Amino acid sequence: MDFFKKTFDPVISLAIIAVLNIFLFLTVGAWTVGGGETMMTGLIAELFLGDELARIPFWDLVFKPDAGYWKIYISLGMLFGALVGALMSKEFYWRVPKHLSEWVMITIGGLLMGIGIRLAFVCNVSTFFGLTPQMNLGGYLSITGIIAGAWVGSLIYKKVLEG
């Protein structure tokens, strides 16, 4: 499968993303805050907590868990596509952190990213594929924050590994 080993021309890749973005917008509307992952989290929480989940205002008033929510399937499709691409290009491997400090950094980084995305009221995936091509200021601010966070996070990660 040489197709998966070649680098795509960025102009052609961005044109394909733009056409798919237009199709997505015309089909389902604007792609907003990371709803697919949030809904999956709500469904998993509902599995463990049952009716107690309704006592939390976010899950009762703002984002009631619903297995039919279309963004779940967009998120699962991206995950599946990434897995297939990685397997076909022979770039897939399991990496499990060896030290507790790595687990702590991964958890804190994930929480900070989730909080930042919620505060910006965008989705980290749609920022790159939706908001930025639409010339949305929120997309550019989010990308700036993601890049700055990744840079600071990598510096912290290096310091912890060296220490």
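User: Let's pick one residue, then. Which helix is Glu102 found in?

Analyst: Helices (H or I, at least four residues) and strands (E, at least two) are DSSP runs, numbered from the N terminus. Here, Glu102 belongs to helix α5, which covers residues 100-120. Before we go on: this is a predicted model, where local features need pLDDT of at least 70 and side-chain atom pairs pLDDT 80 or more, while totals for chains, interfaces and linings use all residues. Numbering runs from 1 along each chain as its sequence is written, and side-chain values use heavy atoms, without hydrogens or water.

User: Is Glu102 buried or exposed?

Analyst: Go by relative accessible area: buried is under 20%, exposed over 50%, and partly exposed in between (1.4 Å probe, protein chains only). Glu102 has 7%, so it counts as buried.

User: And which residues does Glu102 touch?

Analyst: A contact means heavy atoms within 4.5 Å. Leaving out residues up to four places away in sequence, Glu102 touches Arg95, Pro97 and Tyr157. With Arg95 there is also a salt bridge, at 2.8 Å from N to O. Arg95 itself is partly exposed, at 48% relative accessible area.

User: How many salt bridges does the structure hold?

Analyst: Look for a side-chain nitrogen of Lys or Arg within 4 Å of a carboxyl oxygen of Asp or Glu. This structure has 3 of them. Glu52 is partly exposed at 44%, and Arg55 is exposed at 65%. Then there's Asp60 with Lys64, whose closest N and O atoms are 3.9 Å apart. Asp60 is partly exposed, at 28%, while Lys64 is exposed, at 54%.

User: Which residues make up the largest nonpolar core?

Analyst: A core is a set of buried Ala, Val, Leu, Ile, Met, Phe, Trp, Tyr and Cys residues joined through side-chain atoms within 4.5 Å. The largest one has 7 residues: Met39, Ala45, Leu53, Trp59, Phe63, Tyr69 and Ile72. Ile72 touches Gly36, Met39, Met40, Leu43, Asp66 and Ala67, again not counting residues up to four places away. Ile72 is one of the buried residues of α4, along with Lys71, Ser75, Gly85 and Ala86. Their cover includes α2. After α4 comes Lys90, with a positive phi near 60°.

User: What about the surface: which residues make the nonpolar patch?

Analyst: Patch members have over 30% relative accessible area and no salt bridge; nonpolar side chains are joined within 5 Å, like charges within 9 Å. This patch, about 870 Å², is made by Ile44, Leu47, Phe48, Leu49, Ile56, Phe58, Leu61 and Val62. Helices α2 (35-49) and α3 (57-62) are the elements giving two or more residues, and α2 has the largest share, with 4. Leu61, in α3, is exposed at 68%. Overall, the protein exposes about 12,100 Å², with carbon and sulfur atoms supplying 73%; areas come from the Shrake-Rupley method with a 1.4 Å probe.
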